[in-house]
Amino acid sequence: MIPQEIIRRKRDGAALGEAEIAFFIAGLTNGAVTEGQAAALAMAIFFRGMTRTECASLTRAMTGSGRVLDWRRADLPGPVLDKHSTGGVGDNVSLILAPAVAACGGFVPMISGRGLGHTGGTLDKLESIQGYDAAPDEARFTAVVKSVGCAIIGQTGALAPADGRLYAIRDVTATVESIPLITASILSKKLAAGLQGLVMDVKTGSGAFMAALKDSRALAASLAEVAAAAGLPTVSLITDMNEPLASAAGNAVETLHAIDHLTGAKREPRVQAVVVALGAEMLLLGGLARDLDEGRARIEAALDSGAAAERFAQMVSALGGPADLIERPRHYLPQAPVTLAATPLRAGHVRAIDARAVGLAVVALGGGRTRPQDRIDPAVGLTNLAGLGAPVGPGQPLALVHARSEDAAREAAVRILAAYELGEPGVAGLVVVERVGA
Ligand code: URA
């Protein structure tokens, strides 16, 4: 087979066969296919799309490009479950959800990503914790999942390496926003992690990659169908990203926010709703709840009893972080030297929020990357973000900026003022918009 003939067929709208896709992905993994050829095929797929059968073949080929974890050997006394979000702003759900599900008897080997574009990454948030090792070897990762019930770590080169290569190429060739490519990228990593059940959190709204509900629905359906074809039971929830999910956006600030949620020091209803909805689905998929009502009750109980907080503390300490992080989080999480309130000149209510612009304000503060090699500043970010409908004005800021310098703080405040539209109170929609799946 010849790579350029495969590209040509896709360019002209043909459906590729399993063997052609397998050949191309094998070449991408071993270097026989060039970066230019991979970019050309990605662009052809972007414009021509893929059938579900092609997308399933692509997912299978990318999954098989590296190691596939097999948890049967670990002899775990419960189901292996995970959730994945398509990316949002102020979305620190993973830090709360993984330990809550572990406290209910699930095992969650969560391979998380770094921030991408305007969205934050779970891995970056966890790395704001002094000493936390987000890249343990497989033996340590397995041991922590087995003993604690959850471990959140970063992507290793061993799992789905074809996705690693293709993703880096897509990121710089404007080919990220393709439903079949996103589907294969996410599911190949999840299938390689050896899961028994997956819950997808597909974001919709101004802070999501798929801003329009119809595109979020199409992505959710694609994920559910291709996962089912690959034998991975999957449910997708479409959740709202027309405003940051939590009132904090940034790395250390979101970690602190998650710890406050876990300990009960402060719980915000929107974050709680997403954690409980996703957790209930995970428990149902794993056979740990008879129905969603029981699943919700179990997740709520795990949070209220402190069992989820305890699992989080055990995970952090087993992966090298401080043993008393949840008792003294401010002692261990870095804090930015400058704080500044972003205050509107006139009083009003929050009518609309450009959540993507809020995420980009965090990136500009240094809390995200503009180039893959950039180091991020874990301390910077935003807290006290006003939600849709909130009254704001001279005495009631839109947000508190945490910055490295006065100039950076002022620039972020200007960005926040531009991201918020004031007027008649905007009505926050349902946080869990829709469920797609069996
Ligand atoms: N997350 C992924 O892992 N892959 C994509 O393509 C998009 C979001």
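The following legends describe close-up views of a predicted model.

Residues are numbered from 1 along each chain as its sequence is written, and side-chain values use heavy atoms, without hydrogens or water. Because the model is predicted, local features need pLDDT of at least 70 and side-chain atom pairs count only at pLDDT 80 or more, whereas totals for chains, interfaces and linings use all residues.

**View 1. Shell of residues around the ligand.**

**View 2. Polar side-chain atoms at the ligand.** A side-chain N or O atom of Arg 170 is 3.0 Å from an oxygen atom of the ligand. For Lys 189, a polar side-chain atom lies 2.5 Å from a ligand oxygen atom, while one of Ser 185 lies 2.7 Å from a ligand nitrogen atom. Of the 240 Å² of accessible area that the ligand has on its own, the protein covers 90% (Shrake-Rupley method, 1.4 Å probe).

**View 3. Interface of domain 1 and domain 2.** Domain 1 (3-49) and domain 2 (71-330) belong to an assignment that also includes domain 3 (334-423); the bounds come from an automatic or database assignment. In this interface, 15 residues of domain 1 contact 13 residues of domain 2 (heavy atoms within 4.5 Å). The two domains bury about 1000 Å² between them, 77% of it on carbon and sulfur atoms (accessible area, 1.4 Å probe, lost on being put together and summed over both parts). Leu 28, Ala 42 and Phe 46 lose the most area on the domain 1 side, together 43% of what that side buries.

Key:
Polar contact = N/O pair within 3.5 Å; in protein donor to acceptor, adjacent residues only side chain to side chain.
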